[in-house]
Amino acid sequence: MSRSGLFAAVVAAGLGFTSPVLAQSTVYIPAILELSGAGAVSGTNFRDGMLMAIDEINGKGGILGRKIETPVLDTQSDAGISRAQLQKVLDNKPYVVIGPVFSGSVLVDMALTQQAEIPEIVGGEAAAITQKGGTYVFRTSFGQQFSMPKIANYIRDGIKAKTVAVLWVNNDFGKGGRDTFVKEMAARNIKVVADVSTESGQADFSADVVKIKAANADAIFVYVNEEESARFLREAKKQGIKAPLLGETTLLGQKVIDLAQGAADGVRGHVGLTVDAPIPAVQQFGEKFKKRFNYVCDHNGIKGYTAVYMIKHVTEKIGKFDSKAFAQAAHGMTITPKDEPGILMEATWDKNGDIDRESFLGEVVNGKQKIVATLPKLGK
Amino acid sequence: MASFIQLLVSGLATGAIYALIAVGFTLLWQTSQTINFAQGEFVMLPAFFILAAMNLGAPFWLATLIGLLLSIVVLGLLFKLIIVDPMLRYGVLPLVISTIALSLFLKEAAKDFYSSQAQPFPALVPATDLNVFGAVISLQSLAVLAIAVATVLALHFLLNKTRLGRCMQATAQNPTLARILGIPVERMVLYTFLINGALVAIASILISPIYLAKFTNGETLGIAAFLAAIIGGFNQVRGAILGGVILGILDNLSAAYLSSQYRGAFPLIILIAVILLRPQGLLGRVEERTV
């Protein structure tokens, strides 16, 4: 290698970049995740799940003989920084980009990956992500337009509620969920009698619970992030809320249950992904994750893990590292655990990049999440 | 009415904690012209000291004592020696920037060395509720209120009724004259940093059972306490207390009776009104400087 070439290699290594030219034995799949700031819990779970999958795949020789090379860049839970980080990795011509998890960041980033024609496997759940006509964005969990009809059906048929109160967090995730939920309620003639917005990171929920209690709804739908869910549940218990408390994955996770310190018992809801799912492969993944990282994996860990296996499977199907061909092949693809055990549960991506798979109805009983029913894929 | 009482007590408890943190802001400002933008992170950190001590097997009371001592040493003594003393000679602005950098460092260090996940934190009193005229008031809120008030009263006693406190006040008002009178100014300044270390530790012990111990806790607490100090008067301890209480109550009542969506805007409206109508703060005194 010439002196200038050697210098370039040293500089590239120092900057943490390894271009495809310099390392043909690897495939460059960078991840942009929330490793600090408000989204750190989600981002680190996603990262750890992703790293598990990468280590497993690399341990078996990689994808099509090439090891996965994944530098992880921190968005600091800020959409602007996320975009800057994405721009940085796009300059190095990635094969696929993984992340981010926060919907606000995904919504900002996806225009860049669309322009660069690089597939982006994201953790965001806001409905808008797959409603903008993008052809390079793929979800790893349900969009709200998929999960809300399931919880809405349960409120109508299971709870038989005529009125409902909604508590939501005022960010892209919460607002998107609230809007979709309210639409689903209207479609089922269920009246929203209280519509309470909360702040991300909010600690005191006494005022919000007073408002919700005064509304006297048949059911209360809670759509805030995990820690706020725990704080809300403690305040709801304190103020003696009697109406059923319902929610999504962010209300029923084991972390929420632990933090709520007994106040989560009786909470019910729709769970898209959980390590408590009555599926042996998912439970085994949860155990492996806990053994390696010493904490209970939440739904984001499963998203990170399955994202990598989705990339592996699609790439092996197309037989080459071609970003455009990847995006085309992934639309409409169904991956079953039989074809790819790492996918854990059968999953289908539609033409918009939305994912469809089985999900669950859960209830918190004696401080543990208990799955009470398995809901089929919407497409079935 | 029951709801109103409930919100008032809850707001008072939160406000009392803001007041404790805001008092630290004013103490440091008065004695050393230090605006500590890491004050929120100073409140976040002692909870992790305590949890770390408990993980090593210490019972809660001992862990609390260790946390308190560590806070006084690390967030009081070392903060002054390593950050404030070297930077202050270059003026207020470099020091402000240093404290902003320190806040980022502390936040990320807590995340990396402990956990990014929120941790349950033991409460000082059992999680039981009292029914007062139909209002459900948690024993925890009452305990927070009582301890915060007792701390402020103790501080008031120290500053106004003891020789040491009067020396500290003299240092705050006119360090040059205080030095001529034989007051060891440097030592008095150091004492205010140690007191701030103790105040943030107490605030941390009170707030962590409610907020949960998390590395991001300092963000909201620091801003709330800073606003409280400005609203009440940055150069008056009693002003900081009033500012804290106003913010705590305002947050709860505005969210319940005006708009939960705009709850974050109400303290800022009050801040703007105070700056326009009474720039020295509600209880602050006018400071004049000649050029």
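In what order do the seven strands of the open sheet of chain A run? In this predicted model, the order is 9-8-10-11-12-16-17, and the pairing is mixed. At the edges sit strand 9 (191-198) and strand 17 (368-375) of chain A, each of which pairs on one side only. Averaged over the sheet and with direction ignored, neighbouring strands are turned by 25° against each other.

Let's look inside that sheet. Strand 10 (residues 219-223) and strand 11 (residues 245-247) of chain A run parallel and are joined by three bridges. A:Ile220 has A:Leu245 of strand 11 of chain A standing opposite.

Now over to chain B, where two helices meet. The axes of helix 2 (residues 39-55) and helix 3 (residues 60-88) of chain B come within 8 Å and cross at roughly 135°, so the two helices of chain B are oblique to each other. The crossing of helix 2 and helix 3 of chain B is right-handed. The table shows who makes the contact.

| Helix of chain B | Residues in the contact |
|---|---|
| Helix 2 | B:Phe42, B:Leu45, B:Pro46, B:Phe49, B:Ile50, B:Ala53, B:Met54 |
| Helix 3 | B:Phe60, B:Ala63, B:Thr64, B:Ile66, B:Gly67, B:Leu70, B:Ser71, B:Leu75 |

By class, the residues of this contact between helix 2 and helix 3 of chain B are 12 nonpolar, three polar and no charged.

One residue of helix 3 of chain B deserves a visit: B:Gly67. Is B:Gly67 buried or exposed? B:Gly67 is buried, because 25 other C-beta atoms lie within 10 Å. Leaving aside neighbours within four places in sequence, B:Gly67 is in contact with B:Pro46, B:Phe49, B:Ile50, B:Ala53 and B:Ala201. The C-alpha atoms of B:Gly67 and B:Ile205 are separated by 9.1 Å, although these residues are 138 residues apart along the chain.

Finally, the two chains touch. Here 26 residues of chain B are in contact with 29 residues of chain A. On the chain B side, helix 1 (2-32), helix 4 (92-113), strand 2 (135-138), helix 8 (185-211) and helix 10 (237-257) each supply at least two residues. Helix 1 of chain B gives the largest share of that side, five residues. The side of chain B that touches chain A has nine nonpolar, 13 polar and four charged residues.

Key:
Residues numbered from 1 in each chain as written. Chains lettered and ligands numbered in written order. Predicted model: local features only at pLDDT ≥ 70, side-chain atom pairs only at ≥ 80, totals over all residues. Axes fitted to C-alpha atoms, helices over the stretch in contact; angles between N-to-C directions. Helix = DSSP H or I, 4+ residues; strand = E, 2+ residues; numbered from the N terminus. Parallel < 35°, antiparallel > 145°, perpendicular 65-115°, else oblique. Left-handed = near helix turned anticlockwise from the far one by under 90°. Contact = placed C-beta atoms within 7 Å. Nonpolar A, V, L, I, M, F, W, Y, C, P; charged D, E, K, R; others polar. Pairing = 2+ DSSP bridges. Buried ≥ 20, exposed ≤ 12 C-beta atoms within 10 Å, placed from the backbone.
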